[in-house]
Amino acid sequence: MLLRLLLREVKRIAADHSLVLTLLLAPLVYVFFYGSIYQYKAEEEVPIAVVDDDRTGLSQTLITQIDNSQMVNVALRTTLEGAKESMYQGHTQGFLYIEKGMEQKVLSLQQADMVLAVNAARFLPSSEVAGAITQIGLTVGAGVRLQYLQKKGMNTEMSMQEVMPVNVDYRPMFNSRSDYGTFLLPGLIAMILQQTLLIGLAGGSAAERQRGSISEWMQMAGGNASVALWGKGLFYFLLFCAYAYFFLTVNFRVLELEILGSGWELAIITVIFLLSLIPMGIFTGLLFKSQLLATQLMVFSTYPIFLITGYSWPLSEMPPFVKAVSYLLPITPFLGLYQGVVQQGAHITDRLPDLYHLLGLWCFYAAICLWKMRSLYKPNAVAHAV
């Protein structure tokens, strides 16, 4: 019976060009297109201007070190007014002002100031540039003071303690370069998997109601709503299991993304995720009598859903209503599990609340989907061949 329902769904999809494009073409196009946008993962060689009023060996060394860094490109050496104008025109993303007398202050163990103005309207490169220049400035300044103290007769160990009484050993874990692409791409791939599945399921289910074929679908399952649900969903489950495997192997390799945790645990949570999406997508589609309207709703909901999952912005900082909506989405707990396994090397047992949440949503959507299917089923209705 499940096989008959599977074949029925294949025939219906093959006859609907919009579903063919959504289910067979869109997932591959989206994942490669969005992946190509972020394949470099981090912005490098961010252009800045430098205003050097000190014009000493120390200031030249500092500028050279900054220009040699991977993150920053010293695109212009100019006056203060010229640096401001360059930033306003968009030619540079900020400027560094080195005050007159900086070298003298450093050598006399006084505090010297540099002014770094960045275009914070583009917060990602501005924060990276600020971090890189700050670190270079501290390093160069410490090196000068180290040489000064050694000339005064201190040994290297004592000089280091004087220059750096506290040494911060900074070690970014799980994303060693702290780049945006490595953070964003895994979540984006999961979102593509969910939305293309939901669009296909909602559109296909709404088409059943629009064409009056729900009774035929249910009668083929012997009037058993559970068999009808999973018989229809079997094709989608098998197809998107194949997509998930492809994305997590081929796409991850092409995009140079790592899976730090267990592949088996990742497979388990992905299967549960897909099983929770199937009744959710069918239920959503059965709420509409128009296939076009259901498809449009799911397409328009893609970006808002991604924003409220807690992946790009913490759930704790969202309004209560938005958090409540987010908790109803299977992708919210899934991303917690998925990010833990993929990006942090965690185990499922480390994220049990997310696992229970995902299992609970699977049961919830299965229950309301079965209720909706039974409410629309009319046993005495004449089945229509579509």
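Tutor: A crossing of two helices is called right-handed if the near helix is turned clockwise from the far one by less than a right angle, and left-handed if anticlockwise. The model shown is a predicted one.

Student: What is the handedness of the crossing of α2 and α8?

Tutor: The crossing of α2 with α8 is right-handed.

Student: Why are α2 and α8 called roughly antiparallel?

Tutor: Helix α2 (residues 17-37) and helix α8 (residues 180-210) pack at an angle of about 165°. Angles over 145 degrees count as roughly antiparallel, and α2 and α8 are therefore roughly antiparallel to each other. Their axes lie 10 Å apart. On the α2 side the contact is made by residues including Leu19, Leu23, Tyr30 and Gly35, and on the α8 side by residues including Leu185, Ile192, Gly200 and Gly204.

Student: Which classes of residue make up the contact of α2 with α8?

Tutor: The contact has 12 nonpolar, six polar and no charged residues. Gly counts as polar in this scheme, and Gly35 of α2 and Gly200, Gly203 and Gly204 of α8 are among the contact residues.

Student: How do you know that Leu6 is buried?

Tutor: Buried means under 20% relative accessible area. Leu6 has a relative accessibility of 14% and therefore counts as buried. Leu6 belongs to helix α1 (residues 2-14).

Student: Which residues does Leu6 touch, leaving aside those up to four places away in sequence?

Tutor: Leu6 touches Gly231, Leu234 and Phe235. Phe235 is 229 residues from Leu6 along the chain, yet their C-alpha atoms are separated by 5.7 Å.

Student: What makes the buried residues of α4 line one face of the helix?

Tutor: In α4 (residues 80-88), the buried residues are Ala83, Ser86 and Met87. Viewed down the axis of α4, the buried residues fall within an arc of 95°, so they line one face. These buried residues pack against β1 (46-52), β2 (72-77), β3 (94-98) and β4 (114-118). The face turned away from the buried side carries Glu81 and Tyr88, both exposed. Just after α4, Gly90 takes a positive phi of about 85°.

Student: How many helices and strands does the chain contain, and what share of its residues is buried?

Tutor: The chain has 16 helices and four strands. Of its 386 residues, 46% are buried. Among contacts between residues at least 6 apart in sequence, 78% join residues at least 24 apart.

How values were computed:
Residues numbered from 1 in each chain as written. Predicted model: local features only at pLDDT ≥ 70, side-chain atom pairs only at ≥ 80, totals over all residues. Heavy atoms only, no water. Axes fitted to C-alpha atoms, helices over the stretch in contact; angles between N-to-C directions. Helix = DSSP H or I, 4+ residues; strand = E, 2+ residues; numbered from the N terminus. Parallel < 35°, antiparallel > 145°, perpendicular 65-115°, else oblique. Contact = heavy atoms within 4.5 Å. Buried < 20%, exposed > 50% of the residue type's maximum accessible area, 1.4 Å probe, protein only. Arc of directions from axis to C-beta.
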